[in-house]
Amino acid sequence: MAESQSQAPSPVGYKLFTRSHVVGDFEGSDFDKTVELDNGMVCEFRSYHYTYAYRPEAAVFTKILTTADQKRLGVKNPTGIVTLYKLLIEDYSYDVYRLR
């Protein structure tokens, strides 16, 4: 990870969860494309962005939304706590779903 990324602040409202490396080649994101990290996490991208790196470091950030938070955001009938995830890879922030 670039020096600037290792000192990069958390995305607003998110906290650093863990750091790991992408398994193999990383060719950016595309909708529904998955990425596996060395720590066993698997995430699915929610956007498109192209870049290339071999085994780049990935910082995983989380944000917890309580039922009250969800109601404030307009979610009807929230069913419980939701965790949102972001990956910071090569100085670019990706919105992702965590699959594993």
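Where is F31 found? In this predicted model, F31 lies in the loop that runs between β2 (25-26) and β3 (34-36). The relative accessible area of F31 is 53%. Because a residue counts as exposed when this value is over 50%, F31 is classed as exposed.

F31 also belongs to a nonpolar patch on the surface, which it forms with Y48, Y50, Y52 and Y54. Together, these residues have about 670 Å² of accessible area.

The relative accessibility of F26 is 2%, and the relative accessible area of F45 is 1%. The cut-off for a buried residue is under 20%, so F26 counts as buried and F45 is likewise buried. By contrast, F31 is exposed. The rings of F26 and F45 are also part of a cluster, in which ring pairs link them with Y92 and Y94.

A further contact involves a charge and a ring. The charged end of R46 sits over the ring of Y97, at 4.9 Å from the centre of that ring.

Methods: Residues numbered from 1 in each chain as written. Predicted model: local features only at pLDDT ≥ 70, side-chain atom pairs only at ≥ 80, totals over all residues. Heavy atoms only, no water. Patch = residues over 30% accessible without salt bridge, like charges linked within 9 Å, V, L, I, M, F, W, Y side chains within 5 Å. Areas by Shrake-Rupley, 256 points an atom, 1.4 Å probe, with all protein chains shown as cover. Salt bridge = Lys/Arg side-chain N within 4 Å of Asp/Glu carboxyl O. Helix = DSSP H or I, 4+ residues; strand = E, 2+ residues; numbered from the N terminus. Buried < 20%, exposed > 50% of the residue type's maximum accessible area, 1.4 Å probe, protein only. Phe/Tyr/Trp six-rings, centres within 6.5 Å; stacked < 30°, edge-to-face > 60°. Lys NZ or Arg CZ within 6 Å of the ring centre and 35° of its normal.
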